[in-house]
Every structure is written in C-alpha cells, then in structure tokens.
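Subject: Handover of a structure, with notes

Hello,

I am passing this structure on to you. Please look it over before reading the notes below it.

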Amino acid sequence: MAAMNAGGGAAKAKADLKLIVLGCSGVGKTCLLQRYIANTFSGTEAHTIGASLAMRKWGDLNVALWDTAGEEKYASLSAFYCRGASVAILVYDITDSSSFQKLQELFMPLLKGAGQSCLTVLVGAKSDLLGVKSRQVTKQQGQALAEQQHLKQLERAKTGGASTFLSSVTGKKSFFETSAKTGENVSELFKFIEEIVQSQAKVFKRDPEAFTVEKKIPVKEQHKGGCCK
Ligand SMILES: Nc1nc2c(ncn2[C@@H]2O[C@H](COP(=O)(O)OP(=O)(O)O)[C@@H](O)[C@H]2O)c(=O)[nH]1
Ligand SMILES: [Mg+2]
C-alpha cells in the first residue's frame, strides 16, 4: 500500500522518479489517482489526496506520484511542480472541450520544466459520462494530440543530446480514455506507464534527477467548480 500523507504538514520521501498529473481543475486528476492508489471513487467529498504526494514501488524504483493541489491555478507553482518530472499524465475531460483547449494552452507549455526525457501520456477522463452528456472531444483528436506531444518530447530529448528511451514508445499508444468512476482503463493506463518505466529502471537509477522531495502541503483543497478558476 502506498505511503500517503493526506493531511497537512510536510511530506518527505526519497524517490527515483517523479510522476505528475497535469490539467484543469475539475477534470478528474485526483479521482484518477485515487482510483489507481486506493481503487475507490468518491463523487462528493473534498479530496484530501489532492493535497498529497503518494509513493509507489515499481519493481526497485520508488515512484513519487504528485497530484496538483490547486497549483493548476497558479502557473508559477505549476512550473515548480513540473521540475524534473519523468512522467507526466495530461488530463482533460472528454465532455468539456475547453479543458482540452486549456490543457494545450496552459499546461503543456509547463513541460519545458520537466525532465528532458519526460514520458507524456494523454488521458481523456470521465468516459462513463457518455450516456449522460455528449462527447466534446473525439478519440481522433485525443490520439492526434498524444502523438504530436510525444514527437515534441522526443525532439526535445534528442536536441538536448539525451539518449532517450522515448524513441521506443509509440505516441499513438500514449493515449487512454478512462473513467475513475467505473475504473475503465485506469489500471491499463498505469500498467502501460509502469512497464515503460520498469524497462528503463537502470536509467532512472542512474539519473541525476533522482531527488528528495519535500513540500509544504496545504490542509485542504477546495473545489470551486469549472475549469481552472
Ligand atoms: N462521472 C465521473 N465523474 C468524475 C470522474 N472523475 C472525476 N469526476 C468528478 O469530477 C469532479 C472533479 O474531480 P477531481 O478528481 O477532484 O478533479 P481535479 O480537480 O482534476 O482533481 C468530482 O466531482 C468528481 O466526482 C469520472 O471518471 N467520472
Ligand atoms: Mg484535484
């Protein structure tokens, strides 16, 4: 079970790599992590996990899973939050085209601060809502963005001279539509990431970006609704 610090105070942990979840407020980032970590979903309560850092062990690797705790509202904090990330899960809501737009405009540029060979995976969240609400972002749009983003990261890694494992990853596969509510595709998403990461364990073990994370954690995240208000 993951060691979580769900309340206020400081979290401190040694990590071999950092995974971050980026996207507008309300798209379902916290619920996605909660489904993965605890296999639960709560549609109502304030998500204390939204203010926390969770650790997972993938083979020999200690992975720090960072959930944005309101940082999505403050670009400067988000840049700090992206620093040195090895994996970024980029989330939008498939029933909200503005969350897809804002992901590209506000959040993807922040990846400049992530690790040079950062693996990016795109997630269209809330797939269970399709019977209730209409889809605003097609699968094709999601897949095209995933491929485009993957190529961008690959280019960046190569320009920086880093020998990168990203060339062994297919952009097309770096895209998932998930539901934290039903659990659809959530384990597939993390399995995909974990397999890539584990196959590169030696790289991560050697990586100078391995770090100690320490962060003052706000006591509670509050939802004001809407996207990035
Ligand atoms: N139907 C449905 N609702 C979801 C899903 N994921 C999150 N939500 C709801 O969307 C709202 C925001 O979720 P949250 O994870 O807190 O979003 P965050 O701000 O991106 O962390 C909450 O009311 C959740 O219950 C999902 O997969 N399906
Ligand atoms: Mg959250």
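The notes below go from the whole chain to single elements and residues.

This is a predicted model, in which local features need pLDDT of at least 70, side-chain atom pairs count only at pLDDT 80 or more, and totals for chains, interfaces and linings use all residues. Residues are numbered from 1 along each chain as its sequence is written, while chains are lettered from A and ligands numbered from 1 in the order in which they are written.

Overall

The chain has 6 helices and 9 strands. Helices (H or I, at least four residues) and strands (E, at least two) are DSSP runs, numbered from the N terminus. Of the 229 residues in the chain, 42% are buried. A residue counts as buried if 20 or more other C-beta atoms lie within 10 Å of its own, as exposed if 12 or fewer do, and as partly exposed in between, with C-beta atoms placed from the backbone. Among contacts between residues at least 6 apart in sequence, 80% join residues at least 24 apart; two residues are in contact if their C-beta atoms, placed from the backbone, lie within 7 Å.

The nonpolar core

The largest nonpolar core has 55 residues, and those with the most contacts inside it are Leu19, Leu32, Val87, Ala88, Leu90, Val91 and Val123. Strand 6 (residues 87-93) gives the largest share of this core, 6 residues. A nonpolar core here is a set of buried Ala, Val, Leu, Ile, Met, Phe, Trp, Tyr and Cys residues joined through C-beta atoms within 7 Å. In soluble globular proteins, nonpolar side chains tend to be buried together. Not counting residues up to four places away in sequence, Leu19 touches Val63, Ala64, Leu65, Trp66, Ala85, Ser86, Val87 and Ile89.

Helix 1 and its ends

Helix 1 covers residues 29-38. Because 8 of its 10 residues are buried, helix 1 is largely enclosed by the rest of the structure. The buried ones are Lys29, Thr30, Cys31, Leu32, Leu33, Gln34, Arg35 and Tyr36. They pack against strand 3, strand 4, strand 5, strand 6, strand 7 (119-125) and helix 5.

Gly23 is in the loop between strand 3 and helix 1. Gly23 counts as buried because it has 29 C-beta neighbours inside 10 Å. Gly23 and Leu90 are 67 residues apart in sequence, yet their C-alpha atoms are 5.9 Å apart in space. Leaving aside neighbours within four places in sequence, the contacts of Gly23 are Lys29, Leu90, Val91, Tyr92, Ser99, Leu103 and Phe107.

Helix 1 is followed by Asn39, whose phi is positive, near 55°. Asn39 lies in the loop that leads from helix 1 to strand 4 (53-58). With 10 C-beta neighbours inside 10 Å, Asn39 counts as exposed. Asn185 is another residue that is not a glycine and has a positive phi, about 65°. Asn185 sits in the loop between strand 8 (175-177) and helix 5 (186-199), and counts as partly exposed because it has 18 C-beta neighbours inside 10 Å.

Around ligand 1

Ligand 1 is surrounded by 17 residues, the closest being Gly28, Lys29, Thr30, Cys31 and Lys181. A residue is near a molecule if its C-beta atom, placed from the backbone, lies within 6 Å of it. Helix 1 supplies the largest share of this shell, 3 residues. The shell divides into 5 nonpolar, 8 polar and 4 charged residues. Ala, Val, Leu, Ile, Met, Phe, Trp, Tyr, Cys and Pro count as nonpolar, Asp, Glu, Lys and Arg as charged, and the others, Gly among them, as polar.

Strands 4 and 5

Strand 4 and strand 5 (residues 61-66) run antiparallel and are joined by 6 bridges; two strands pair if DSSP finds at least two bridges between them. They form a hairpin with 2 residues between them, and Gly59 in the turn has a positive phi of about 60°. Arg56 stands opposite Val63 in strand 5.

Trp66 also lies in strand 5. Trp66 is buried, with 23 other C-beta atoms within 10 Å. Leaving aside neighbours within four places in sequence, Trp66 is in contact with Lys18, Leu19, Ile20, Val21, Leu53 and Tyr81.

Helix 3

In helix 3 (residues 97-107), the buried residues are Ser99, Phe100, Lys102, Leu103 and Phe107. What covers them includes strand 3 (17-22) and strand 6.

Regards
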